[in-house]
Amino acid sequence: MSSSRTQVPPISLRGDVDIPQLGFGVFQVPPGDTAQVVTRAFETGYRHIDTASAYANEAGVGEALRAADLPREEVFITTKCFNDDHGYDEATKALSTSLARLGLDFVDLYLIHWPVPSRDRYVDTWKAFVELRAQGLIRAIGVSNFQAPHLERVIEATGVVPAVNQVELHPRLQQPELRREHEELGIVTEAWSPLAQGQVLEDPVIARIAEAHGKTPGQAVIRWHLQIGNVVIPKSVTPERIEQNFDVFDFELSEPEMGAIEQLDVGERIGPDPDTFVAP
Ligand code: NDP
């Protein structure tokens with residue numbers, strides 16, 4: 001098992017709040033298994049958990065948090081406001097419901113899960129986020145699945161720049177333009193489906209690089225994310241993989257290896273298109 005003393009590098013969110021660069025995602029972790037799986041993650045050393053109201057497992061995250069009994073300042077909890085909770089009052093209520101499920105007084109990061117441009121309410125949702133942060137219910141506010149025009153619109157409307165944009169990002173979809181936009185605006189890029197849900201792990205280039213370091217393909221891909229500066233939140237319910245995905249701080253990919261992975265970008269999504277996605 002990896003040492004719980006492993007130091008995951010922190011990344012500063014707008015100079016204000018630190019987020020551990022490697023976290024643990026719980027999308028598709030069955031609600032009834034979540035407490036046990038997250039407990040395993042805490043035992044391994046993860047201190048950053050990424051959930052969402054839409055995952056229906058916030059209560060399990062809360063249960064694991066209480067069982068772990070870690071100092072509150074040592075854990076970083078992200079949750080998200082879903083598509084039917086857009087709007088000022090709706091988002092305010094959604095946060096309160098998520099906090100109750102998690103059993104927390106505040107979350108470290110709250111994200112607008114999808115922009116849902118066809119409903120055009122994300123600016124009001126963002127205004128609520130700004131107020132909820134001022135009230136101390138959220139430490140850092142961000143968005144997810146926002147394209148450049150959505151980012152620019154919330155910034156123009158409020159003057160408040162999202163701390164994070166959590167987007168689909170893996171070797172087959174590297175999002176170079178959006179990452180450049182984030183860098184210009186001072187937004188941290190967070191990668192969801194960082195392993196492309198397993199679909200990049202059989203790529204021969206990744207396999208060769210992993211083998212050269214005596215690591216698994218999953219570890220090589222997580223290392224690539226860390227080295228390009230992403231916050232990365234792999235998910236697993238498998239104990240060995242939970243540990244393996246955390247054991248990524250004792251090797252480094254070379255420049256040619258990073259370059260070889262850069263060549264794998266084909267711009268292909270495995271998830272929905274943010275411009276059109278409304279709800280499941
Ligand atoms: P990932 O890219 O993290 O892949 C998870 C899959 O890969 C699971 O099937 C897991 O299997 C398998 N896996 C994990 N580690 C390894 C390994 N070392 N070797 C081989 N296979 C492995 O996909 P997710 O879609 O779960 O994305 C991660 C997180 O991102 C989510 O949990 C969620 O928190 C967030 N997310 C956010 C979205 C958004 O819209 N904001 C959308 C989607 C995800 P198993 O579990 O069986 O071990």
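Helix H4, which covers residues 122-134, packs against H5 at an angle of about 55°, and the axes of these two helices are 10 Å apart. Because angles between 35 and 65 degrees are neither roughly parallel nor roughly perpendicular, H4 counts as oblique to H5. The crossing of H4 and H5 is right-handed. On the side of H4 the contact is made by Tyr122, Val123, Trp126 and Lys127, while H5 brings Pro149, His150, Arg153, Val154, Ala157 and Thr158 to it. Sorted by class, the contact of H4 with H5 has six nonpolar, two polar and two charged residues.

The crossing of H5 and H6 is right-handed. In this contact Ala148, Leu151, Glu152 and Ile155 of H5 meet Leu178, Glu181, His182 and Leu185 of H6, and the residues involved divide into five nonpolar, one polar and two charged.

A further pair to find is helix H1, residues 31-44, and helix H2, residues 58-68, whose axes come within 8 Å and cross at roughly 45°. H1 and H2 are therefore oblique to each other, and H1 passes H2 in a right-handed crossing. If you follow the side of H1 that is in contact, you will find Thr34, Ala35, Val38, Thr39 and Phe42, which meet Gly60, Val61, Glu63, Ala64, Leu65 and Ala68 in H2. The residues of this contact of H1 with H2 divide into seven nonpolar, three polar and one charged.

Rolling a probe the size of a water molecule over the atoms shows where empty space is left. In this predicted model, the largest pocket holds about 840 Å³ of space. It is lined by 38 residues, and those closest to the centre of the pocket are Phe27, Gln28, Ser193, Gln197 and Lys235. Helix H8 (217-227) and helix H9 (239-244) each supply at least two residues of the lining. When the lining residues of the largest pocket are sorted by class, they divide into 18 nonpolar, 16 polar and four charged.

Key:
Residues numbered from 1 in each chain as written. Predicted model: local features only at pLDDT ≥ 70, side-chain atom pairs only at ≥ 80, totals over all residues. Heavy atoms only, no water. 1 Å grid on protein atoms, 1.4 Å probe; cavity = no way out; pocket = protein on both sides within 12 Å on 5 of 7 lines; lining within 4 Å. Points joined across faces, edges and corners; volume = space filled by probe spheres on them. Helix = DSSP H or I, 4+ residues; strand = E, 2+ residues; numbered from the N terminus. Nonpolar A, V, L, I, M, F, W, Y, C, P; charged D, E, K, R; others polar. Left-handed = near helix turned anticlockwise from the far one by under 90°. Contact = heavy atoms within 4.5 Å. Axes fitted to C-alpha atoms, helices over the stretch in contact; angles between N-to-C directions. Parallel < 35°, antiparallel > 145°, perpendicular 65-115°, else oblique.
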